[in-house]
Amino acid sequence: MKKNGRPWLRGLFAGSVIFKALTAFSDKMCSAFSGGIFGGGLLSYEKTEKACSESAIANGIRSLFGLDGRGAEKKRKIASIIENSFFARMGKRIFDILGSAYLSVYGMFFLSFGIYTLLVGLIKTVALRADDVSFLYFVIPLICIPVSVPMLLSKNRRLADQISESKLLSALLFSVFGLRRDCFRVKITGGGRRNIAFIIGTVFGASTYFFPPIAVIAVPVVIVAAYSVVLSPEAGLVITLFSIPLMIMTGHPSLFLAFVLIFITLCYILKAARGKRYVRFEAVDLFVLIFIAMFSLGALGGFGGIDVSLPLYVCLSSGYFLCANMLSSRAWLKRGVIALMSGSMLSSLFAMYQYLSGNVETTWLDTENFSSIAGRAVSFFENPNMLGEYAMMLLPIAVALVFSAKKRSERSAWLCVSVCTFLCLIFTWARGAWLGAIAAMLIFAVLYSKKTIPFMLLCLVLVPFLPVVLPESIVTRITSIGDMTDSSTSYRFYIYKSAIAMAADFFFTGIGAGNKNFSSVYVSYSYSGIEAAPHSHNLFFQLIIELGIIGLVAFVAAMLVYIQSTVSALNKEKDTYLRGLQLACACGVFSSLVQGMTDYVWYNYRVYFVFFAITGIGVAARRCGEHAREREYVPDYDTPTGADIEYVPTVTVIDESEQVPKNTEETIIL
């Protein structure tokens, strides 16, 4: 039943005296906050940006990296050298040959590769009686040989044409990964030769005698993937955001992630050097860069010597700058967010499977005090606290996507992601992550709309009744916070005492960043039985111990400027999607800071990367909104060259696959 165009019950509730009084109270609170010193400071990012843009440090950085709009002549020369180099021409030639080859040629390759891989497997199993024969020797032929049959029967159809005409491949390559159709338009008319393909397949199949089959397959796959990232670094970043949890399968996820980020960064720098990308640099970038520089320099030397973790920290911190610059268009922003949340969905589903199947860890659980808890899910992160931090940071983003969805099917999909992420967070039984998520969602509700404040105030009445509604195991877990009889709490308490003593002695200088430095000094301050703590279990203690008070101030300043940039933009942003995403990313960062009071949230390198990645995504969403408000001319961002606009004189040599419309005065080089 509706009355005056609104549901009757909602209208009755909203028209009540209590609700009107709470609404008036919340309006006064918002007005007082906006007019206060703290609130006014959070809404004045433009002043911070102006002050930083005029500073000598910012001007020096812009000049050093060519971000000041100058150097067009150098870019023309670099573009000419790169595009006419031997490697560039050879790469295009090989790509054209592969794209122009008929499907029957690839069918012959798969047939010979499958047959010879099977023969090698049989020889090793039957003749040599080897015990370590991989099952892939028999799985690969079962896949390759049947696949080769329809390809051999196909007529003169080229691979490039098949990719462009296939709905599934087109959706995957062009819509999801953002590659352009022009990349698959080849000029070579030949269709390849089957006998050459048969020989190559034979060589690949026979090489499995010396190398594992997965390694033989990985070589061409990695080459094709690397060339695709060269064409579109943004696509490489999107895939990276999706595969963060799955990198555990490589055996060295942190090193693998760092290597991938280095390659993506080099490809993006190459594009920028050619004038096809533009790197934006502003106040929030400056403060983040200062902190990362201090963090990196702090790892160069200390009590434990040079820490080998320095390259990892530097590489993974680049996730902020990559996301902030490469996802600054709406299309690429959506792809990046969908990829990040899809990876979260896989991780959450695996965590739910672990918990419901009983395949959980009890190493990080006091089984005597929490006998009702079967164990803690770890999913792809090997540690329930790290998994909790990962899910905690992404939960606000999933909720924001539910609110901003315009279609019912889209809203249902994001609601499913939100529920799975929430359950994953519960099944980690990470109390610090729970507190961080609660704080983040409260801030999200308050800032998303001031209309939620009266409802939240009314919900405070229900808090005393939560122990009656919630399961006993959750209530017991929450109320155990601060209980010294819990082994985890007492363990942290004594580490905190040691950390405070360390921070007092190295208040100004720090001991140097990295686990190696911490371990070498902590042992002198540790209590008996707790000599092997890997960190201080507190983000802020860890920073002041490693970098001194200056490092902690630099980090807090960077976070304040980031939050300031977000809050300032929220009042101007009218786009529901961008506004919700900016706020959700800031809340995800805030949740990590809250949990940082109870744990060292950067101990896992992939979580460290996600922290800076969602910070960069929040900045990218704000910049995307600014572009729309300023009504700048924005090209088709569905292309892999979509980026901020830079106006430079006409370039003599332009890659035809990336050429864009131009007028008589200037060319827009992306």
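In helix 9, the residues Y137, I140, P141, C144, S148 and M151 are buried, where buried denotes a relative accessible area under 20%, exposed one over 50%, and partly exposed a value in between, computed with a 1.4 Å probe on protein chains only. Seen down the axis of helix 9, these buried residues fall within an arc of 110 degrees, so they line one face of the helix; the arc is that of the directions from the helix axis to the C-beta atoms. An α-helix has 3.6 residues a turn, so residues three or four places apart point the same way. On the other side of helix 9, L142, P150 and L153 are exposed. The cover over the buried residues of helix 9 includes helix 8 (103-127) and helix 13 (213-231), contact being defined as heavy atoms within 4.5 Å.

The model is predicted: local features need pLDDT of at least 70, side-chain atom pairs count only at pLDDT 80 or more, and totals for chains, interfaces and linings use all residues. Residues are numbered from 1 along each chain as its sequence is written, and side-chain values use heavy atoms, with hydrogens and water left out. Helices (H or I, at least four residues) and strands (E, at least two) are DSSP runs, numbered from the N terminus.

Helix 9 spans residues 136-153, 18 residues in total, and reaches 26 Å from its first C-alpha to its last, close to the 26 Å expected at 1.5 Å a residue. The expected span is 1.5 Å times one less than the number of residues in the helix. Helix 7 (residues 86-100) has 15 residues and reaches 21 Å between its first and last C-alpha, close to its expected 21 Å. The buried residues of helix 7 are G91, D96, G99 and S100. Viewed down the axis of helix 7, they fall within an arc of 155 degrees, so they line one face of the helix. Helix 8, helix 10 (159-165) and helix 13 are among the elements that cover the buried residues of helix 7.

Not counting residues up to four places away in sequence, F291 touches L543, L547, G551, A554, F555, W602 and F612. L241 is also one of the contacts of A613, together with G319 and C323, when neighbours within four places in sequence are left aside. A613 is found in helix 29 and is buried, with a relative accessible area of 1%. The C-alpha atoms of A613 and Y320 are separated by 4.8 Å, although these residues are 293 residues apart along the chain.

Charged pairs are considered next. A search of the whole structure finds nine salt bridges, each a side-chain nitrogen of Lys or Arg within 4 Å of a carboxyl oxygen of Asp or Glu. One of them joins the side chains of R280 and E282 (3.3 Å, N to O). R280 counts as partly exposed at 23% relative accessibility, whereas E282 is buried, with a relative accessible area of 3%. In another salt bridge, the side chains of R623 and D285 meet (2.5 Å, N to O). This pair links distant parts of the chain, with R623 in helix 29 (residues 605-630) and D285 in helix 16 (residues 283-298), 338 residues apart. Both R623 and D285 are buried.

The side chains of D599 and R492 also meet in a salt bridge (3.5 Å, N to O). D599 lies in the loop between helix 28 (576-595) and helix 29, and R492 in helix 25 (residues 487-505), so the pair ties together parts that are 107 residues apart in sequence. D599 and R492 are both buried. Salt bridges that share partners join R280, E282, D285, R622, R623 and E626 into one network.

Most residues other than glycine have a negative phi. Phi of S379 is near 55 degrees, a positive value in a residue other than glycine. S379 lies in the loop between helix 18 (330-357) and helix 19 (384-404) and is buried, with a relative accessible area of 8%. Phi of H537 is likewise positive, near 60 degrees. H537 is found in the loop between helix 26 (515-522) and helix 27 (539-570), and at 9% relative accessibility H537 counts as buried.
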